[in-house]
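I opened my notebook to go through this structure slowly and to write down what I looked up.

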Amino acid sequence: MNKLLRKTENPTDRDTAGHSGLLEANLENSHALLAAASSLRDSGHGNLVTYSPKVFVPLTHLCRDVCHYCTFAQTPGKLDDAYLSPEQVLGIARTGAAKGCHEVLFTLGDKPELRYAAARKALDKLGYTTTIDYLEAMCRLVLDETGLLPHVNPGIVTGEQLDRLRAVSVSQGLMLESVSERLCEKGQPHYGSPDKRPAERLKVLELAGERRIPFTTGILIGIGETREERLEALRAIRDIHDRHGHIQEIIIQAFQPKPGTRMVDHEPPGFDDLMWTIAAARLLLGPDMNIQAPPNLSSKTYPDLISAGINDWGGVSPVTPDYVNPEAPWPDIESLRESTGSKGKILAPRLALYPEYISDLEKWTDPALRPHVLKRIDAGGLARDGIWITGQPGIGKAEQAVLRRTAPKASGGIDAILERSMAGDALDEENIVRLFQARDGEAGAVMRAADQLRAEMAGEEVTFVVTRNINYTNVCTYRCGFCAFSKGRGAESLRGKPYDLTLEEIVRRTVEARERGATEVCLQGGIHPDYTGKTYLAILKAIKDAVPDMHVHAFSPLEIFSGAASLGLPVRQFLETLRDAGLGSLPGTAAEILVDDVRQVICPDKLNTAEWLMVMEAAHGVGLKTTATIMFGHVDSYRDWARHLLTLRALQEKTGGFTEFVPLPFVAREAPLFKLGRARRGPTLREALLMHAVARLALHPLIPNIQVSWTKMGPQAVEMALRAGVNDLGGTLMNESISRAAGSEFGQELPAPEMARFAARVGRPIRQRTTLYGEVAENDRSGNRNFPPLQPSIDIPAGKYSNIVVD
């Protein structure tokens, strides 16, 4: 069997692997067969088993074919209406959308208008000529009205029809069923069904491949075919896929005898036969193919299908029945999760489009569909697994439970990685990627380990700093795709109008902050075309003259880089000048993702990775501490996140200048890149929590403080983050402009008493800190003091020239 496995992994040897080896295997001596299939599956898919949350739309039950096992197809006399109306279609889709479905599966009979006058009449009344015309229109309707992603099973169609459907569906499907012409002869199940001719079905698979249509196909077993014929069908599918790469999943479906059909007394295949066929499919098709078996057709024994090599359960609907097999109800999702876990696997939702096709959307989908796909995926290309969105309230019950879930017995290597980190060993890129891939109980294990490490390294105290954000201008010459804060000199297309504060207003806000207990002001702004290095020096001087003991945490690396260039100074020399003028530390913003391929998409004209690192290293070199950040959840991947963390770790090993790491989840709502349909809608809550947890593990022991952004995460998620490795709540802020401009609904200020309540809710003490994590003088501690409300801030309109006048 090992010899057979080795041969089936080699495309040039697969035919010579010998069907005889598969044919001779049965469940009495098939332990090696199943083990080989499972091992091959694991090498391609790890410990994930996926499913698609879908809603099933039976557009018409009319069909010109008369398959002898089918109860889906009906005659006009048995139906109230030949087709579902647009209102009915939309009603089903909306119900599915409300229940969290991602896919709308359109199933229909093949070309009923060629057989039934009732079909032609109904289509004419609806305003269409063919069933495919109507299908195309309903896909577009559902997509436009609900955002659900259509998958269509249109039957035998032409290349032109495939093209039209490609524009309105993310994937299509046609079960090959069998390549046996014998099954089309008189007395056989496909007799009288012209669309079941193998050559016609293989032609559609070929046409779909030529058009780069992600495609579902499969075989139906137990209808009279031999095992040799099953293998021949699988080999035919494999050969077409080898040419085009478009077969995204293969279904192995067992025949079910149904009352009212000619095959009601036909013996169905045994479960052992189904297991054999799945294992054979895995060995023939290799580790990467997605192989699926419907769980509802195997009743209580369906978990055992995992042992045969499947990695997907197919579509499971919380709304509609399986109209093709109405006698077989879907398992509920929680049961499916538990059953999958009982086999050492993790259940994960997906779209109708698999991650490997999502990773190259430009190749595999129509441009109009791409924004709809991006809205529904996480950084791994699977379906978003909750309702939480950065900057907006609301967390689902399943999301809230992530910290409590336990991992299945087979944890996919997670335990070993966690042990390595806890021991202080550096994690490599693959380790970190694997941690970000953690789901369900695995994710909970990662978060709990991170929190244990937090307790060991940072103690039980939850820290915060009393600060005021002062964003002195939103005028910016850069056009970062994630930023809704910056404006051109006269642009008003995004939230707010262009403004540019005077020195007087900056000083007023600083003095007011000091009166309200602030020990720090954090200053950043857009790259105003009139600002030079002298502007930043003037801001520093004005603040230090007015409030000499205020810690100034200011100027992003981009501002430092631009300011130095404007004066013709080396970055290090400019930083020394700022330090001597009173600059206390720098925010580590403008990092975004420290991977230049990603930066070319989200901020192509901004600092590149090397330039950002150069500014940070120079700052550390002149004695200025900085924070470090990541802005994630847009067009990036888990691997990009891992590389970002390793890049920060490498610099910290060299300089020791980072005080804390601050994950900044992408706020998509008003971000230009998202509004243009070119970015995801931010990380999922699982991903956001994992970013904090994995950072704790990956940066250990070099960066001791992990901070959560309450303006982006919101109260409930902040509490969860405090149980996932976080020890710092950041600043009270008093004003917040950047997250709100992007659409965050969380407030501008979180006073000290609120900070204390966060800590209390997770059973930990609170401590006010300085910017550099020192102790705050007794007379500067905010405690439970009540401060007067902030005076209204005046965002002075930007004029032709900067409002900050320098010599």
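**Entry 1: Asp440.** Is Asp440 buried or exposed? I found that Asp440 is buried, with a relative accessible area of 16%, where buried means under 20% relative accessible area, exposed over 50% and partly exposed in between, with a 1.4 Å probe and protein chains only. I then looked up its place, which is in helix α18, residues 440-458; helices here are DSSP runs of H or I with at least four residues, strands are runs of E with at least two, and both are numbered from the N terminus. I also noted that Asp440 has a positive phi of about 55 degrees although it is not a glycine.

**Entry 2: what I am reading.** I reminded myself that this is a predicted model, in which local features need pLDDT of at least 70 and side-chain atom pairs count only at pLDDT 80 or more, while totals for chains, interfaces and linings use all residues. Residues are numbered from 1 along each chain as its sequence is written, and side-chain values use heavy atoms, with hydrogens and water left out.

**Entry 3: the whole chain.** I listed 31 helices and 18 strands for the chain, and I noted that 61% of its 807 residues count as buried. The radius of gyration, taken over C-alpha atoms, is compared with a globule rule of 2.2 Å times the number of residues to the power 0.38; for 807 residues a compact globule would have a value near 28 Å, and the 30 Å of the chain agrees with that. Along the principal axes, the C-alpha atoms fill a box of roughly 100 × 60 × 45 Å.

**Entry 4: α17 and α27.** I looked up helix α17 (residues 429-436) and helix α27 (residues 685-698), whose axes come within 9 Å and cross at roughly 150 degrees. Axes are lines fitted to C-alpha atoms, for helices over the stretch in contact, and angles run from 0 to 180 degrees between N-to-C directions. The two helices are therefore roughly antiparallel to each other, since angles under 35 degrees count as roughly parallel, over 145 as roughly antiparallel, 65 to 115 as roughly perpendicular and the rest as oblique. Ile432, Leu435 and Phe436 in α17 meet residues of α27, among them Arg686, Leu690 and Met691, where contact means heavy atoms within 4.5 Å.

**Entry 5: Phe555.** Where is Phe555 found? I located Phe555 in the loop between β13 (551-554) and α21 (557-567), and with a relative accessible area of 1% Phe555 is buried. Leaving aside neighbours within four places in sequence, Phe555 is in contact with several residues, including Tyr472, Leu523, Tyr536 and Pro587. I also looked up Tyr134, which is 421 residues from Phe555 in sequence and 58 Å from Phe555 in space, C-alpha to C-alpha.

**Entry 6: two loops.** Arg212 lies in the loop between α8 (198-210) and β5 (215-221), and I noted for Arg212 a positive phi of about 55 degrees although it is not a glycine. At 43% relative accessibility, Arg212 counts as partly exposed. I then turned to Pro701, which is found in the loop between α27 and α28 (710-713), and I wrote down that a cis peptide bond joins His700 and Pro701, with omega about 0 degrees.
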